[in-house]
Amino acid sequence: MHPVATAVLSLLALSIVSQVWGAEVLEPIRTVEVGPNRCLLVNGKPFIPLQSWAQPTSTFARLRSLGFNTFAGNHGGQPPAREFCDGAAQAGGYAMPNFDPAAKGHPALLGYLQPDEPDLGIEKG
């Protein structure tokens, strides 16, 4: 499929999803687990993360209104993971920041991002 057609279909799908699901505030996370058929369960209910990537917390409310429900990628740890989670919670969504134990237990913490390209020379430790 042509890249432009793919982009248009993706935007159309996101528009439909945002209209169906709306931008309701998600309930605080108590549990995250993998359920039957490897589906993601949040608080015991199936959840499909529609993630934005590497966006500032100031855009989270707008992204929620477009149907995104999860925010990922606080590059370089900025803002710190806990503040990133706070921004997601204020927008009514969930967060996936870089690993930082300070965010543990935050009611918007869906999971942590882990380095996916260890061969880039990032310091080990």
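Glu-33 stands opposite Leu-41 of strand S2. Three bridges join strand S1 to strand S2, residues 40-42, and the two run antiparallel. Helices (H or I, at least four residues) and strands (E, at least two) are DSSP runs, numbered from the N terminus, and two strands pair if DSSP finds at least two bridges between them. The model before you is predicted: local features need pLDDT of at least 70, side-chain atom pairs count only at pLDDT 80 or more, and totals for chains, interfaces and linings use all residues. Residues are numbered from 1 along each chain as its sequence is written, and side-chain values use heavy atoms, with hydrogens and water left out.

The three strands form an open sheet in the order S1-S2-S3, with antiparallel pairing. Strands S1 (32-34) and S3 (45-46) are its edges, each pairing on one side only.

I turn now to helix H3, residues 81-91. Its buried residues (under 20% relative accessible area, 1.4 Å probe, protein chains only) are Ala-81, Phe-84, Cys-85, Gly-87, Ala-88 and Ala-91. Seen down the axis of H3, they fall within an arc of 155°, so they line one face of the helix; the arc is that of the directions from the helix axis to the C-beta atoms. They pack against helix H2 (60-65), strand S5 (70-72) and strand S6 (94-96), contact meaning heavy atoms within 4.5 Å.

Finally, the largest nonpolar core has 13 residues, and Phe-60, Phe-71 and Ala-88 have the most contacts inside it. Such a core is a set of buried Ala, Val, Leu, Ile, Met, Phe, Trp, Tyr and Cys residues joined through side-chain atoms within 4.5 Å. H3 supplies the largest share of this core, five residues.

Notes
Buried means under 20% relative accessible area, exposed over 50%, partly exposed in between (1.4 Å probe, protein chains only).
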